[in-house]
There are 2 protein chains.
Amino acid sequence: MFELTSYIKQKNQIIDASLEKMLRDSNSSKTLFKAMKYSLMAGGKRIRPVLCLAACEAVGGVPEDALTAACALEMIHTYSLIHDDLPAMDDDELRRGKPTCHIAFDEATAVLAGDALLTLAFEVLSSEYFGDGNQAAQWLQVIRLISVAAGYQGMIQGQMLDIASEGLKLSADDLETMHRLKTGALIEASLACGALLGGADGRQKALLSNYACKIGLAFQVADDILNVEGNPELMGKAVGSDSQRKKSTYPSVLGVQAAREFSKKLVQEALQALETFDKQADPLRGIAKYIIERKR
Amino acid sequence: MFELTSYIKQKNQIIDASLEKMLRDSNSSKTLFKAMKYSLMAGGKRIRPVLCLAACEAVGGVPEDALTAACALEMIHTYSLIHDDLPAMDDDELRRGKPTCHIAFDEATAVLAGDALLTLAFEVLSSEYFGDGNQAAQWLQVIRLISVAAGYQGMIQGQMLDIASEGLKLSADDLETMHRLKTGALIEASLACGALLGGADGRQKALLSNYACKIGLAFQVADDILNVEGNPELMGKAVGSDSQRKKSTYPSVLGVQAAREFSKKLVQEALQALETFDKQADPLRGIAKYIIERKR
């Protein structure tokens, strides 16, 4: 019987240890470095790196082979949060129950710490080459997958849409487009990198891409619902902020009940995409179910 | 007889055409995309990409082989300018005679356009793989060189030091450390990438690294002098801003005359590093001399 909680806990330990190692620096007293570490080790859920490792396992790979990509994905996710929280963007003072980077340090440091984490992601991804040309080609593909997903046609464009849509009433379709870019693209890249590094064939890659699409959106719908009726203490952040900012959300566009049904349907579709996988895909199945059951 | 002006003009045309091509987008009406293009095509001097191409030629390579790296370096340089100009950092309203990105657009867009240019640099660098494993390994090395130089132990750390030192009186050594990181690291990477992609041997790489070190610093010293006595119309930006901000500069630390001597000495040393190169290194020689003769 597969146990998701212990699986995630074990993976998080491996991911955190690896991130700590990547952040080892002879000049760790520097403010820039402290700010990077502060945000990177602030107790995030590590959803993207866990998905990356789980995808690698699902196709029969060794999760260690995808660990560097997993850590790079978390660095990019963290940088995006630091910049999203800035006064010129979402202007958030609390993240994961702790002061956001620009509050704990200052605005200039937060901009630069974000820049530095984004850059470090590509540094660690390009350090994985030890002489084998095929291996090098694979890492170049990983860098391409991640940079496209995180870039101006993916995550960053999603954040632009998010800012531009504040105060507007979006349709369900526009809302989906925005989330597919803002959070979906990097989640899809997490699965794609894990699959690639695990040696997936074309059919497996396509199925995992479908799974990623569904859970990426389900995750966002669930997040929107938690923002309406979650427990702020469990979540470590304020509740109701979306509605205060007049942000279009799935509960506001569809209603809470229909939003809940929608997220359940997406998770069902994600599970269907995994039907032909064996029990090595159980972590991916568990994560899909967890998305609609989680409290934070 | 080598003619630097026409060499730079010709290279700039190739670089600009390549950047335009890389920025081609089906959704070019989007604000994010406009902001990226606005800053990238704002008439920069293209020093880093020209150095990259010239280094490739100096070691007997074909400059086209280094063109993608050259463009990626310019994207990273441009992103760093956009973020440096932000209100939380240097708070500059004019750059190259035009409103800075956060003035022409807004602050959120400027943060994201910078993020997007940084990410796009790695996207183009990872798109240069067409099946050859050795080629893939070379591009991974380029990505590593650039990400290390641009990251928290290079350019970004330099910007942190620059901000932290405002209002302080730095020693000449501290000033050099700051500039070696803030501008030197990416200039060194420009030469190193060009050399690598041109097929340089170890000796050539070491000599070009030495050249890069000297001209990187000379360029900064000359910049500081121009900020004291340059022509604001030629430069497209205000003069005297360093002194207004009480920034330590080479003229303020050494005096204008000694700063001028220092930059001449550095350029002499840079030229010495090229002594064993043939006339294919003439562009690099010309650029070294140009640094202390330029008016903007």
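Chain A has 15 helices and two strands. Its radius of gyration is 18 Å, close to the 19 Å that the globule rule gives for 296 residues, so chain A is as compact as a globular protein of that length. This is a predicted model. Chain A touches chain B through 40 residues, and chain B also gives 40 residues to the contact.

**Overall build of chain A**

- The C-alpha trace of chain A spans about 55 × 50 × 35 Å along its principal axes.
- Of its 296 residues, 52% count as buried.
- Take the contacts in chain A between residues at least 6 apart in sequence: 72% of them join residues at least 24 apart.

**Where the chains meet**

- The contact takes 40 residues from chain A and 40 residues from chain B.
- Four helices of chain A each supply at least two residues to the side that touches chain B: helix 2 (31-40), helix 6 (107-125), helix 7 (133-150) and helix 8 (155-164).
- That side of chain A divides into 25 nonpolar, eleven polar and four charged residues.

**Helix 9 against helix 10 in chain B**

- Helix 9 (residues 172-197) and helix 10 (residues 202-229) of chain B pack at an angle of about 140°, and their axes are 8 Å apart.
- Angles over 145 degrees would count as roughly antiparallel, so helix 9 of chain B is oblique to helix 10 of chain B.
- The crossing of these two helices of chain B is right-handed.
- Helix 9 of chain B brings residues including B:Glu176, B:His179, B:Arg180 and B:Leu191 to the contact.
- Helix 10 of chain B brings, among others, B:Gln204, B:Lys205, B:Tyr211 and B:Phe219.
- By class, this contact of helix 9 with helix 10 of chain B has eleven nonpolar, seven polar and four charged residues.

**Helix 8 against helix 9 in chain B**

- Helix 8 (residues 155-164) of chain B also packs with helix 9 of chain B, at an angle of about 145° and with the axes 7 Å apart.
- The crossing of helix 8 and helix 9 of chain B is left-handed.
- From helix 8 of chain B, the contact is made by B:Met155, B:Gln157, B:Gly158, B:Gln159, B:Leu161 and B:Asp162.
- From helix 9 of chain B come B:Met178, B:Leu181, B:Lys182, B:Ala185 and B:Leu186.
- By class, the contact of helix 8 with helix 9 of chain B has six nonpolar, three polar and two charged residues.

- Most residues other than glycine have a negative phi.
- A:Arg46 has a phi near 60°, a positive value in a residue other than glycine.
- A:Arg46 lies in the loop between helix 2 and helix 3 (47-58) of chain A.
- A:Arg46 counts as buried because it has 22 C-beta neighbours inside 10 Å, and 20 or more make a residue buried.
- A:Arg96 has a phi near 55°, also a positive value in a residue other than glycine.
- A:Arg96 sits in the loop between strand 1 (94-95) and strand 2 (98-99) of chain A.
- With 15 C-beta neighbours inside 10 Å, A:Arg96 counts as partly exposed.

**A lysine after helix 15**

- A:Lys295 is found in the segment after helix 15 (282-293) of chain A.
- A:Lys295 is exposed, because it has 8 other C-beta atoms within 10 Å, and the cut-off for exposed is 12 or fewer.
- A:Lys295 and A:Lys246 are 49 residues apart along the chain, and their C-alpha atoms are separated by 23 Å.

Conventions
Residues are numbered from 1 along each chain as its sequence is written. Chains are lettered from A and ligands numbered from 1 in the order in which they are written. This is a predicted model: local features need pLDDT of at least 70, side-chain atom pairs count only at pLDDT 80 or more; totals for chains, interfaces and linings use all residues. Two residues are in contact if their C-beta atoms, placed from the backbone, lie within 7 Å. Ala, Val, Leu, Ile, Met, Phe, Trp, Tyr, Cys and Pro count as nonpolar, Asp, Glu, Lys and Arg as charged, and the others, Gly among them, as polar. The radius of gyration is taken over C-alpha atoms; the globule rule is 2.2 Å times the number of residues to the power 0.38. Axes are lines fitted to C-alpha atoms, for helices over the stretch in contact, and angles run from 0 to 180 degrees between N-to-C directions. Angles under 35 degrees count as roughly parallel, over 145 as roughly antiparallel, 65 to 115 as roughly perpendicular and the rest as oblique. A crossing is left-handed if the near helix is turned anticlockwise from the far one by less than a right angle, and right-handed if clockwise.
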